[in-house]
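Subject: Structure handover

Hello,

My notes on what turned up follow below it.

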Amino acid sequence: MRILLVEDDAMIGKTLAQALTQDGYAVDHVVDGVAARAALDVAPDVYALVLLDLGLPRKSGLELLRELRAAGNRVRVLIVTARDAVADRVAGLDAGADDYLTKPFSLDELAARMRALLRRDIAREGNVLRHRELTLDTATREVTQSGRPVDVSAREFALLAALLERPGAALSKAQLEERIYRWGDEVESNAVEVHIHNLRKKLGSETIRTLRGVGYALA
Ligand code: CA
């Protein structure tokens, strides 16, 4: 899943980006409110979640959030900030934030809150996405088929999660690329095909269908 991290503190930003990448998220990191707005305007449906600092150069997190909601953008927003005054917390939630975390916080707590927000979008059993005999656990990062564990790479995991979030719906190659790669990632033109090929080898060729001219979908 792709995450937009909006954080101007270089150390915190780098630490968060690394930790989230290790957790299998594709993380785009911007350091001010104007850049964040631009990223969200260019690709309104790409981000599963925005991690938003409030004290930001050029445009505050609160301003950005108000603008987004006024423009009808409903992307999940988790405010992550040093400000711990009740007034700031209330202002953030009133402006349309989905949750709030005060620095310093543990990475474990951040990860758990992110999972909680992300599962609001989709009907799931806890952290588990399921389609027929296939399950994918976003907390433990385990994939099983008919109860048998399946070893998948980080990219294969992200691709499978994107398909499982909308079972039956087709996702184009470009949509899948957007969900599993960040800006600046070197993406080979056939990268998605290669991941699909590998997933079919692991899960059976019937599991993922190719819809000619449209994209890919779970069977
Ligand atoms: Ca800041």
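**Around A82**

A82 touches T102 and K103, leaving aside residues up to four places away in sequence. Bear in mind that this is a predicted model. A82 sits in the loop between β4 (77-81) and α4 (86-94). L54 is 28 residues from A82 in sequence, and the two C-alpha atoms are 8.3 Å apart in space.

K103 also takes part in a cis peptide bond. Its partner is P104, and omega is about -5°. P104 belongs to the loop between β5 (99-102) and α5. For context, most peptide bonds are trans.

**The calcium site**

Which residues supply the protein donors of the calcium ion? They are D8 (OD), D53 (OD) and G55 (O), at 2.1 to 2.3 Å from the ion. The spacing of these donor residues in sequence reads D-x44-D-x1-G. D8 is in the loop between β1 (2-6) and α1 (10-22), and D53 is in the loop between β3 (49-52) and α3, so the pair ties together parts that are 45 residues apart in sequence.

Are the two aspartates buried or exposed? D53 is buried, because its relative accessible area of 5% falls under the 20% cut-off. D8 has 33% relative accessibility, so D8 counts as partly exposed.

**Helix packing**

Two packed helices are described by the angle between their axes and the distance between the axes.

*α2 and α3.* Helix α2 covers residues 33-42 and helix α3 covers residues 61-70. The two pack at an angle of about 25°, with axes 9 Å apart. That angle is under 35 degrees, so α2 is roughly parallel to α3. Their crossing is right-handed. From α2, the contact uses G33, A36, R37 and L40. From α3, it uses L64, E67 and L68. By class, the contact of α2 with α3 has 4 nonpolar, 1 polar and 2 charged residues.

*α1 and α5.* Helix α5 spans residues 107-118. The axes of α1 and α5 come within 11 Å and cross at roughly 60°. That makes α1 oblique to α5. This crossing, too, is right-handed. On the α1 side the contact residues are L16, A19 and L20. They meet L107, L110 and M114 in α5. What classes of residue make up the contact of α1 with α5? It has 6 nonpolar, no polar and no charged residues.

*α6 and α8.* Helix α6 runs over residues 154-165 and helix α8 over residues 191-203. Their packing angle is about 85°, with the axes 10 Å apart. The two helices are therefore roughly perpendicular to each other, since 65 to 115 degrees is the range for that label. R155, E156, L159 and L160 contribute from α6. They meet V192, H195, I196, N198, L199, K202 and L203 in α8. Sorted by class, the contact of α6 with α8 has 6 nonpolar, 2 polar and 3 charged residues.

**Backbone points to check by eye**

Most residues other than glycine have a negative phi. Two residues here are worth a look on that score.

R132 has a positive phi of about 50° although it is not a glycine. R132 lies in the loop between β6 (128-131) and β7 (134-137). Its relative accessible area is 62%, which means R132 is exposed.

S146 is not a glycine either, yet its phi is positive, at about 50°. S146 lies in the loop between β8 (143-145) and β9 (148-150). S146 is exposed, with a relative accessible area of 62%.

**One more loop**

Where is R212? R212 is in the loop between β10 (208-211) and β11 (215-218). With a relative accessible area of 76%, R212 is exposed. R212 and A19 are 193 residues apart in sequence. In space the pair is 37 Å apart, C-alpha to C-alpha. A19 is one of the α1 residues that meet α5.

Best wishes

Conventions:
Residues numbered from 1 in each chain as written. Predicted model: local features only at pLDDT ≥ 70, side-chain atom pairs only at ≥ 80, totals over all residues. Heavy atoms only, no water. Axes fitted to C-alpha atoms, helices over the stretch in contact; angles between N-to-C directions. Helix = DSSP H or I, 4+ residues; strand = E, 2+ residues; numbered from the N terminus. Parallel < 35°, antiparallel > 145°, perpendicular 65-115°, else oblique. Left-handed = near helix turned anticlockwise from the far one by under 90°. Contact = heavy atoms within 4.5 Å. Nonpolar A, V, L, I, M, F, W, Y, C, P; charged D, E, K, R; others polar. Donors = N, O, S within 2.8 Å, 3.2 Å for Na, K, Ca; no water. Buried < 20%, exposed > 50% of the residue type's maximum accessible area, 1.4 Å probe, protein only.
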